[in-house]
Amino acid sequence: MRRSRLRHLGLAGLLVLGSLTAVGTLPASAADAPTHSPSPEQPASAGLLDAMQRDFGLTRAEAEDRLAAERDATALEPVARRAAGKTFGGSWFDAGSGRLTVAVDSDAPPSTLRAVRATGAEVRTVEYSARQLDAAKARVDRLDAPAGVSSWRVDQSANSVVVDVVEGKRADNDVQNFVKQAREAGPVTVRSVPSAPQTFAAGTVGGDPYYTGNVRCSIGFSVHGGFVTAGHCGRAGASVSGWDRSYIGTFQGSSFPDNDYAWVSVGSGWWTVPVVLGWGTVSDQLVRGSNVAPVGASICRSGSTTHWHCGTVLAHNETVNYSDGAVVHQLTKTSVCAEGGDSGGSFISGDQAQGVTSGGWGNCSSGGETWFQPVNEILNRYGLTLHTA
């Protein structure tokens, strides 16, 4: 039964229920170690181009040009970062110009500015280096966040640590106290968001891809021996069943809160393939690596509830304070929507795996924002190898 359904879906192995994500700059602790190089000779699938046309309002040629520009920016980012050295202030992809912008400390000597420009990147001088901003965020991480504070991250294009506060909560005493302490930690900007983020697990619904107890989540990416997913979906030792309620395997490792990642070993007739399910909206997508795309790049997500949706990478290394009080670090923020049951599903950019869905706010009717746990951090934490085509 399992094999016949997989053939029907066009997969040769375990369903990888995720989506396309953009590649971004991982925090140092997440180890910028892609598992495979991108394949520029591989054209983008028709389904991916269709999804980008639909969600970004692009023509086919514009979608192809954007993907090519994002691949170039992804390859350029580490080169430009090395050229900037200690003066590096961050980087992001500008969809308007189709180029990578690199921020450089205003104290950088002219020779450094010339070296960064020589890589082909746009250069912007800023007051604070990336190290200073990261240090300020680390100090904010040590504060106790009240419920009205939803998240905080380094916004490299703003050259500031940005703290998001839920609308209507900014006047609360505990929120004001948090903001005051955050501003003492370094350059901080406060912004309002519509609602508090929450994780996207869901109660049991028939026909969905995997369950643990009465919780339904989505498979992220296949690894050799199993798959990776969100940590809030199950604890180590918990049994996992598939869409047909047959036994898949067991959670071998899980971390939540602080992190939101887990991996599940598979057996009993289930097997793995380097595929992200397109749900009929786009063709099923092959996974060829895990290179990280910059802020501003396009990204898509696939999950068992809302299936396939695209958006943009908004920030890396963001700390999120979920509505239940669980604080999770080093997440990547996107403008992609998601809903309950999408937790654990794949984010992918082109053919490069990015991460597994953690949580967010909003829905796919009115819109929202979603965070994911970078996949390279999960692979490094558990010593796993991504299954690639």
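Biologist: Is Thr250 buried or exposed, and what is its relative accessible area?

Modeller: Buried means under 20% relative accessible area, exposed over 50%, and partly exposed in between, with a 1.4 Å probe and protein chains only. Thr250 has a relative accessible area of 17%, so Thr250 counts as buried. This is a predicted model, in which local features need pLDDT of at least 70, side-chain atom pairs count only at pLDDT 80 or more, and totals for chains, interfaces and linings use all residues. Residues are numbered from 1 along each chain as its sequence is written, and side-chain values use heavy atoms, with hydrogens and water left out.

Biologist: Where does Thr250 lie, and which residues does Thr250 touch?

Modeller: Helices (H or I, at least four residues) and strands (E, at least two) are DSSP runs, numbered from the N terminus. Thr250 lies in strand β14, residues 247-255. Contact means heavy atoms within 4.5 Å. Not counting residues up to four places away in sequence, Thr250 touches Gly237, Ala238, Trp263, Val264 and Ser265.

Biologist: Where does α3 bend?

Modeller: The bend at a residue is the angle between axes fitted to the seven residues ending there and the seven starting there. In α3 the bend is about 35° at Leu76, and Pro78 follows within four residues. After the helix comes Gly85, with a positive phi near 60°.

Biologist: Which residues of α3 are buried, and what covers them?

Modeller: An α-helix has 3.6 residues a turn, so residues three or four places apart point the same way. The buried residues of α3 include Ala63, Arg66, Leu67, Glu70, Ala73 and Glu77. Their cover includes α2 (46-56), β1 (88-94) and β19 (307-321). In turn, the buried residues of α2 pack against α3, β17 (285-286), β18 and β19.

Biologist: What is the nearest side chain of opposite charge to Asp105?

Modeller: Lys and Arg count as positive and Asp and Glu as negative, while His and the chain ends are not counted. A salt bridge is a side-chain nitrogen of Lys or Arg within 4 Å of a carboxyl oxygen of Asp or Glu. Asp105, in strand β2, is buried yet has no salt bridge; the nearest side chain of opposite charge is Arg131, 9.8 Å away.
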